[in-house]
Amino acid sequence: MENGAQQTQPWVFRGTQKFSANQSNVSEQTITIREAQEELMKNLNQNDERPFIHLAHGDPSAYPCFRTTPLAEDAIVDAVRSAQFNGYPPAAGILPARRAIAEYVSRDLPYKLSEDDVYVTVGGNQAIEIIITALARHGANILLPRPGYPLYEAHAAFSQLEVRHFDLIPEKGWEVDLDAVEALADENTVAIVIINPGNPCGNVFSYQHLKKIAEMAQKLGIFVIADEVYSHLVFGNKLFVPMGEFGSIVPALTIGSISKRWIVPGWRLGWIATNDPCGLLKKTGILESIRNYVNLSSDPATFIQGAIPKILENTKEDFFSHILHTIKEDADICHSKIKEIPCIACPNKPEGAMSVMVKLNLSLLEGINDDMDFCVKLVKEESVIVLPGMK
């Protein structure tokens, strides 16, 4: 070797295998949406002069028909210019932001949350990371919906938390298969994830179904992780009902954010809200584990936190109505056009959120092996990206 000591041993450093999707002891589904997008983008025909149509991400701000309210933009500017939010925030978030989030979430609850029930996070994704990491212990398992949001599987794999999937039933509006959940759970099951409004299915759970989920979780002795990032983005016949409504039956950790409802996913502001009027999460040490991990993790930008009170308290209803009208219009068009395609079936018309789950009839598709193969060939031939369902 030149310009240094001679190497006498082979290099001993290696990358971690925790990020590998090929581990035999983790869930088969550890690929994230970003990884799927990157893989599909490799197949884009750069010589195709037609416009590239990206239908595989949940970023509404990418489309000109969606823009946040000027009130939110002004709140950010005011927070920056105030010079009051230039320092490091407390681990759980600054007090005005936590108080405003507690008041916002409490609007839909039969009880009031306090600022101590809220942890401010870097978007909903960090909230998932915090909760999954706080739950991970040897032998524990978590119940995840299928179809669902793959980031849960990815973080569970990284934390070596066993995943057990329960199905959502398309013929019943993507309701939870409650009997299957009871069969899956055992003494090592710690929690069940409920995504409402549904991502990626576009479903909205009824009050009655959510109550059954709460009663089942109580029976099993597990708590609910309520992913409500798309809260209030409903445009069908059902109203949005938060899982916290049933907090006296079963404790719930609610994941929320301003990303979707305010059309600002790049601002990276989310939260974990503790819906636990009986104090069970404190007694069992779950909250202590969350606090300990929050102390190790990064924080949302302080000036974004500083703008949250004005954003949550002062946004006008006409802004939300306009967004819902646009999403509903898009969903109606999407559903009607899908019905015209013989090889694709849509079990249920979307009622909420910003996505839809469809089923491929492979018997009508020549040379298509599975959903990923379909997506790869679609982007190659038509410059359109959609996501595979990937069981």
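Colleague: On what basis are the values computed?

Modeller: This is a predicted model, in which local features need pLDDT of at least 70, side-chain atom pairs count only at pLDDT 80 or more, and totals for chains, interfaces and linings use all residues. Residues are numbered from 1 along each chain as its sequence is written, and side-chain values use heavy atoms, with hydrogens and water left out.

Colleague: What average pLDDT does the protein have?

Modeller: pLDDT is the predictor's confidence in each residue, from 0 to 100. The protein averages 93, and 95% of the residues score at least 70. Over residues 22–29 pLDDT stays under 50, and the model has 13 contacts for them beyond four places in sequence; a contact means heavy atoms within 4.5 Å.

Colleague: In what order do the strands of the sheet lie?

Modeller: Strands of a sheet pair through backbone hydrogen bonds, either parallel or antiparallel. Here 8 strands form an open sheet in the order β2-β9-β8-β7-β6-β3-β4-β5, with mixed pairing. The edge strands, each pairing on one side only, are β2 (118–121) and β5 (175–176). Strands (E, at least two residues) and helices (H or I, at least four) are DSSP runs, numbered from the N terminus, and two strands pair if DSSP finds at least two bridges between them.

Colleague: Which strands are joined to β7 by bridges?

Modeller: Strand β6 (residues 189–195) runs parallel to β7 and is joined to it by 5 bridges. V193 stands opposite I225, and I194 has A226 as its bridge partner. From β6 the chain crosses through helix α7 (residues 207–220) to β7 in a right-handed β-α-β crossover, meaning that, with the strands pointing away from the viewer, the path from the first strand over the helix to the second runs clockwise. Strand β8 (residues 252–257) is also parallel to β7, through 4 bridges, and A252 in β8 faces V224.

Colleague: Are the faces of β7 covered or uncovered?

Modeller: In a regular strand the side chains alternate between the two faces of the sheet. In β7, F223, I225 and D227 on one side and V224 and A226 on the other are all buried, that is, under 20% relative accessible area, with exposed over 50% and partly exposed in between (1.4 Å probe, protein chains only).

Colleague: At what angle do α2 and α10 pack?

Modeller: Two packed helices are described by the angle between their axes and the distance between the axes. Helix α2 (residues 70–81) and helix α10 (residues 302–314) pack at about 145 degrees, with axes 8 Å apart. Axes are lines fitted to C-alpha atoms, for helices over the stretch in contact, and angles run from 0 to 180 degrees between N-to-C directions. Among the residues that meet are L71 and A75 in α2 and F303 and A307 in α10.

Colleague: Where do G173 and V229 lie?

Modeller: G173 lies in the loop between β4 (162–169) and β5, and V229 in the loop between β7 and β8. G173 is buried, at a relative accessible area of 17%, and touches N203 and N348, leaving out residues up to four places away in sequence. V229 is buried at 12%; its contacts beyond four places in sequence include I255 and K260.
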